[in-house]
Amino acid sequence: MTANPPDMTGYDPDSQAAQPEGSLEALIARIEAEVRELQFPGFSMDDALNLGLLLVELGKERGLPIAIDISRGEQALFHVALPGATPDNMHWIGAKKRTAARYEAPSLLVGLRARLQGGRIEDNAWFDQTRYAAHGGSFPLYVTGVGAVATVTVSGLPQVQDHDLVVEALRDILGQAGAD
């Protein structure tokens with residue numbers, strides 16, 4: 001069960017196999033472009049509810065075993081587990097959203113930038129893996145001219161698919177807002 005078809009030429013951070021030349025850089029550039037694109041004019045509790053419900057709808061339609069969280073700091077704005085999600089998904093949500101909030105960048109991007117330097121952020125002694133995870137699935141919710149104000153996190157799929165599902169929902173929600 002996948003959120004999107006796998007990108008056969010893209011970088012796969014879950015694979016130990018050799019990766020296509022330039023694929024890591026291309027994925028980083030794609031995510032950096034998503035950060036610039038996916039900005040809200042403002043972010044309210046109604047926006048959190050609408051985004052959360054859209055993720056639930058996408059997850060249910062596709063039979064995805066995911067958990068979803070939208071938080072502003074320590075305040076949970078939306079939180080649900082769909083059939084097939086496990087208690088481990090709650091751990092991953094917490095670790096990924098702390099990473100996205102701390103670095104004000106998508107959790108996948110944090111991990112990929114470290115790999116670009118030739119390693120994994122997890123290999124640094126200062127990176128506390130009991131609290132943080134530089135794995136895809138958490139995306140800061142940016143307000144134009146303000147910065148990151150909250151996070152949306154999905155857990156349950158391979159990390160790039162978690163990330164892509166969040167991006168798909170953000171594009172849909174922001175597209176709807178632009179159409180109003």
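1. The largest cavity has a volume of about 50 Å³, in what is a predicted model, and with the rule applied here the count is 1 cavity of 30 Å³ or more. Its lining is made up of P13, L108, G111, L112, R115, E122, A134, H135 and Q159. Helix α4, residues 107-116, supplies the largest share of that lining, with 4 residues. Sorted by class, the lining of the largest cavity holds 4 nonpolar, 3 polar and 2 charged residues.

2. Two or more lining residues come from each of the elements β2 (67-72), α3 (87-103) and β5 (147-155). By class, the lining of the second largest pocket consists of 6 nonpolar, 3 polar and 5 charged residues.

3. Helix α1 covers residues 23-37, which is 15 residues, and spans 21 Å from its first C-alpha to its last, close to the 21 Å expected at 1.5 Å a residue. Which residues of α1 are buried? They are S23, L24, L27, I28, I31, E34 and V35. Viewed down the axis of α1, these buried residues fall within an arc of 140 degrees, so they line one face of the helix.

4. Between β2 and β3 the pairing is antiparallel, over 6 bridges, and A67 has A81 in β3 as its bridge partner.

5. Strand β4, residues 138-143, deserves a separate comment: 6 of its 6 residues are buried, so the strand is largely enclosed by the rest of the structure. From β4, S138, P140 and Y142 point one way, while F139, L141 and V143 point the other way, and all are buried.

6. The partners of β4 can be taken in turn. With strand β1 (residues 39-40), β4 pairs in the parallel sense over 2 bridges, and F40 stands opposite V143 of β4. With β5, the strand β4 runs antiparallel and is joined by 6 bridges, and here V143 stands opposite G147 of β5. The hairpin of β4 and β5 has 3 residues between the strands, and within this hairpin G145 takes a positive phi near 80 degrees.

7. Where phi is concerned, E104 has a value near 50 degrees, which is positive in a residue other than glycine. Is E104 buried, partly exposed or exposed? With a relative accessibility of 48%, E104 counts as partly exposed, because the partly exposed class lies between the cut-offs of under 20% for buried and over 50% for exposed.

Conventions
Residues are numbered from 1 along each chain as its sequence is written. This is a predicted model: local features need pLDDT of at least 70, side-chain atom pairs count only at pLDDT 80 or more; totals for chains, interfaces and linings use all residues. Side-chain values use heavy atoms; hydrogens and water are left out. On a 1 Å grid over the protein atoms alone, a cavity is a set of points where a 1.4 Å probe fits but cannot get out, and a pocket is an open set with protein on both sides within 12 Å along at least five of seven lines; lining residues have an atom within 4 Å of a point. Grid points are joined across faces, edges and corners, and a volume is the space filled by probe spheres set on the points. Ala, Val, Leu, Ile, Met, Phe, Trp, Tyr, Cys and Pro count as nonpolar, Asp, Glu, Lys and Arg as charged, and the others, Gly among them, as polar. The expected span of a helix is 1.5 Å times one less than its number of residues. Buried means under 20% relative accessible area, exposed over 50%, partly exposed in between (1.4 Å probe, protein chains only). The arc is that of the directions from the helix axis to the C-beta atoms. Two strands pair if DSSP finds at least two bridges between them.
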